[in-house]
Amino acid sequence: MINKSNEFNRRILSFPAIRPCESVFFSSLLTSLINLSHSICRFKSTTFFTNKKNATNSIHLIETLLVFLEELGIAGSRVNPSTVLCLSELHFIFQKLRFLLEDCSRDDARLWMLVKSAEASTHFRVLFSAAAAALDVLPLSEFAGVDVEVVEVVEFVRKQAVKSKFEVERDDRRAMRRVLRVTKQFERGIAPESIDLKRVLEHLKIKNWSECNDEIKCLESEINQECGVAEKRDVRFLSSLLAFLIYCRCTLFSNVDEEKRARVFHERSDGVIGRLNPDDFRCPITLEIMSDPVTLSTGHTYDRSSILKWFRSGNHTCPITGEKLLSVDLVQNLALKRLIKEYCQENRIRFDESSGPNRESRSSSADAGSVAAEQAMALLANFLVGRLVAGRNEEQSKASSEIRLLTKTSNFNRSCFVEADAIPPLLDLLCSSNPAEQDNAMAALLNLSKYQRSKKIIVENRGLELIVEILNNGLKMEARQHAAAALFYLASIEDNRRRIGRIPGAIPGLMGVLRDESDRGKKSALAAILGLLMHNENHWRVLAAGLVLLLVNLLRSSESEDLVADSLAVLATLAVKFDGAVAIISAGIVPLTMQILSSSNSRAAKEYCVSLLLSLSSNDAADVVPLLVKNSSLMASLYSLIADGSPRSSKKAASLIKILHAFNEKSSSASLPQEHFVHVW
């Protein structure tokens, strides 16, 4: 089996072939064509999941023609322009054929290639019609040095290429009809028979959970690439196929390799999102993370609200290039929006994607991708919750892990599981003595806590106390990290902040996660603490727990710019109140903050540094401002923020400069010369 999905970014059934240049040497062209033919012939031992006969027939024809090509290289016949033209065209066709064979043998795109069977068979037919036309112009009479029987091979291949029908095979058609029948049942809210699902998977040789999940990831990738470039019906069809596979994965495969499933969780958590630069998600105009990215005709992307404000101000140019725009049409960048949303969810950043009131409460096929996908998820949610409630231990474990996967990124899926009443049995599983089962249940609850309606249900079922218990005594560190992240989402409601703060183990538990070695856990704990600080009662609780000293140690030891920025955000929030400012100054954090301000490459870290210094200067100017004045590099950092920072950071930097300037004018013992300060109005 061949999986070419990671070789390069090539869409399925796209053939980026390159024609040989006109001045290519004949010997080089022939050698390359022979090598290309050999690579096609190597597919002879490959498993084809669809279009088997077409693929096998194609390989046989190339294998036959290869005899002539190799003999041609040995004989060294006179080169005719028609010969070069023919071989150049064959080289171009063979490249496409190799791509086509790769697609038909991809072990992660079996279902997608099944539904594309007609298109694939058409490609086989078109390629060999073109090959027959190329061979038709080959001057066979001029190959005197080549054995006559070998020359006759060319005519045989040409006739066979014309004669071959390259049709969709009967078994492929039958399997495709079953898939369509199941998706129609989904649309009517009918659960399909397991035998129909099994027959399709048997035809595609999908034998286990991992192979089915690979198919799901392939279709998810296709949907992400189709969004914004394809017609809605294409995305709807892909979504229905995805629902078919997800339903199969959850209902047919009971034995799952836990190691492989854990790897899937890890890939989804620390995959491409973890390697992206968050600055790429910021609007070039406001420097804030975009909530609705749109692309101009120049290819540059901005947040919709900021670019519209730019246009309303009378500007008809691209802000980055200055190029005059012939059209001010905005193209929604759905792929980037998906990445931004996932990044915000992974890093506990609130992402506002609402386009109107009560968006979350609305349920439509657009949320799921298609009517079939919508109804299939509703059926599946009831099935899995039923397993949670009445299934055996292994069935409960499987159900909790599937719910964890399904609720990871889809708000629609979360709504389905909330409607199916999944939260109470998941909370019951938190008391499990099985570490993996407890971790899956906590992760699923974390995902569901992102959905607004879930928060009330969790609280009503004593979920806050159970989550805090996991935070302190979870059987796996991962479960404790998930608990910290869940508290962040639950703390988005004011009454929940009060409730969580009053639970005795909540804040100590978050500080315990902060002491963990995992950056991911620390980020979750910091985000949760920041949310709790929005309630006044929790301010003195975190100070009494010794959070400030813990954050100082974290700032000194961490190499992660994100963690540094998050720690500074918490300190800046604490510094707003006088007792918080006193605790921070006593910890000796002012010099460290100025050092980070001058050396950090993170925009967020710099902004929080200025916020922190501004709050400290306002609350305890007598102790802080003299220290700031003595730092010769501080003014340069502040003016740099005014020039290049966001509007918010520029305003704060200007306010801090005014404080320092006022102190310099009033103090006869200022450590810096008067000319170091410039009025900022």
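Arginine 19 sits over the face of phenylalanine 92, 3.9 Å from the ring centre. The model is predicted.

**Aromatic rings**
- The count of aromatic pairs comes to 5.
- Phe124, Phe128 and Phe166 form a cluster, linked by ring pairs.

**Glutamine 95**
- Glutamine 95 belongs to helix 3, which covers residues 81–104.
- Its relative accessible area is 10%; buried means under 20%, so glutamine 95 counts as buried.
- Leaving aside residues up to four places away in sequence, glutamine 95 touches Ala17, Ile18 and Leu36.

**Helix 22**
- Helix 22 spans residues 477–490 and has 14 residues.
- From its first C-alpha to its last, helix 22 reaches 20 Å, close to the 20 Å expected at 1.5 Å a residue.
- The buried residues of helix 22 include the alanines Ala479, Ala483, Ala484, Ala485 and Ala486.
- Arg480, Gln481 and His482 are also among the buried residues of this helix.
- Towards the end of the list come Leu487, Phe488, Tyr489 and Leu490, which are buried as well.

Terms used: Residues numbered from 1 in each chain as written. Predicted model: local features only at pLDDT ≥ 70, side-chain atom pairs only at ≥ 80, totals over all residues. Heavy atoms only, no water. Helix = DSSP H or I, 4+ residues; strand = E, 2+ residues; numbered from the N terminus. Expected span 1.5 Å × (residues − 1). Buried < 20%, exposed > 50% of the residue type's maximum accessible area, 1.4 Å probe, protein only. Contact = heavy atoms within 4.5 Å. Phe/Tyr/Trp six-rings, centres within 6.5 Å; stacked < 30°, edge-to-face > 60°. Lys NZ or Arg CZ within 6 Å of the ring centre and 35° of its normal.
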